[in-house]
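Thanks for coming, everyone. Let me put the model up on the screen, and then I'll walk you through it.

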Amino acid sequence: MSQDLSATGQSTMNCQCGIATRIFIGFTPTNVVRRFYKCSKPNGYKCDYWKWVDDPLHPRVANFIHDLKKENDNLHREKKALETGMVILKVFGIDIEENCECLDEINVSKSEQVVVDNEEGCCQ
Ligand SMILES: [Zn+2]
């Protein structure tokens, strides 16, 4: 579960150590974006205290949010990969914007050809 949570801040709730807990957010399929209190000490020194802050979501809503989060994470990974690809292309001196203009010209000339072909077909 440690991979699927993030800390959001300090709380006023104390743990068994007598110190303020931190509030974390779970992203597991059954408890997506559900906050909970947990000991704020580093791993290995934490006590066992934890308590839910939020009520559970309806399973349908939790699944929906979980799927959206997965999709968002995938889009971020894809964006990073594309940005890396752009950097690599620039290193090899390939200008994407210049090449995109060439592609636009190719697309325009192809669509013009299609229109001409249709007109010739109509007249015969
Ligand atoms: Zn503690």
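So, confidence comes before anything else. The average pLDDT of the protein is 79, and 69% of the residues score at least 70; pLDDT is the predictor's confidence in each residue, from 0 to 100. This is a predicted model, so to speak of local features we need pLDDT of at least 70, and side-chain atom pairs count only at pLDDT 80 or more, while totals for chains, interfaces and linings use all residues. As for the numbering, residues count from 1 along each chain as its sequence is written.

Now the layout. The protein has 2 helices and 4 strands, and along the sequence they come in the pattern β-β-β-β-α-α. Helices here are DSSP runs of H or I with at least four residues, strands are runs of E with at least two, and both are numbered from the N terminus.

Which element has the lowest mean pLDDT, and which the highest? Helix α2, residues 96-123, is lowest with 54, and strand β4, residues 50-52, is highest with 93. Over residues 113-124 pLDDT stays under 50, and the model has 0 contacts there beyond four places in sequence. A contact means two C-beta atoms, placed from the backbone, within 7 Å. Where pLDDT is low, the predicted coordinates should not be read in detail.

What about burial? Of the 124 residues, 7% are buried. Buried means 20 or more other C-beta atoms within 10 Å of the residue's own, exposed means 12 or fewer, and partly exposed is in between, again with C-beta atoms placed from the backbone. And of the contacts between residues at least 6 apart in sequence, 30% join residues at least 24 apart.

Let's move to the strands. Strand β2, residues 20-27, pairs with β3 in the antiparallel sense over 6 bridges; strands pair if DSSP finds at least two bridges between them. The two make a hairpin with 4 residues between them. Ile23, for one, has Tyr37 in β3 as its bridge partner.

Stay on β3, residues 32-38, and find Val33. Its phi is positive, near 45°, and Val33 isn't a glycine. Most residues other than glycine have a negative phi. Why does Val33 count as partly exposed? Because 14 other C-beta atoms lie within 10 Å. Leaving out residues up to four places away in sequence, Val33 touches Ile25, Phe27 and Ile65. Val33 and Ile65 are 32 residues apart along the chain, with 8.1 Å between their C-alpha atoms.

That takes us to helix α1, residues 59-91, where we find Val61. Val61 has 12 C-beta neighbours inside 10 Å, so it counts as exposed. Its C-alpha is 9.1 Å from that of Val32, 29 residues away in sequence. Asn63 and Thr30 sit 33 residues apart in sequence, yet 7.3 Å apart C-alpha to C-alpha.

How many of the 33 residues of α1 are buried? The count is 0, so the helix is hardly covered. Its length works out as well: at 1.5 Å a residue, α1 should span 48 Å, and its end C-alpha atoms are 48 Å apart, which agrees. That expected span is 1.5 Å times one less than the number of residues. After α1 comes Gly93, with a positive phi near 80°.

That's my tour, thanks.
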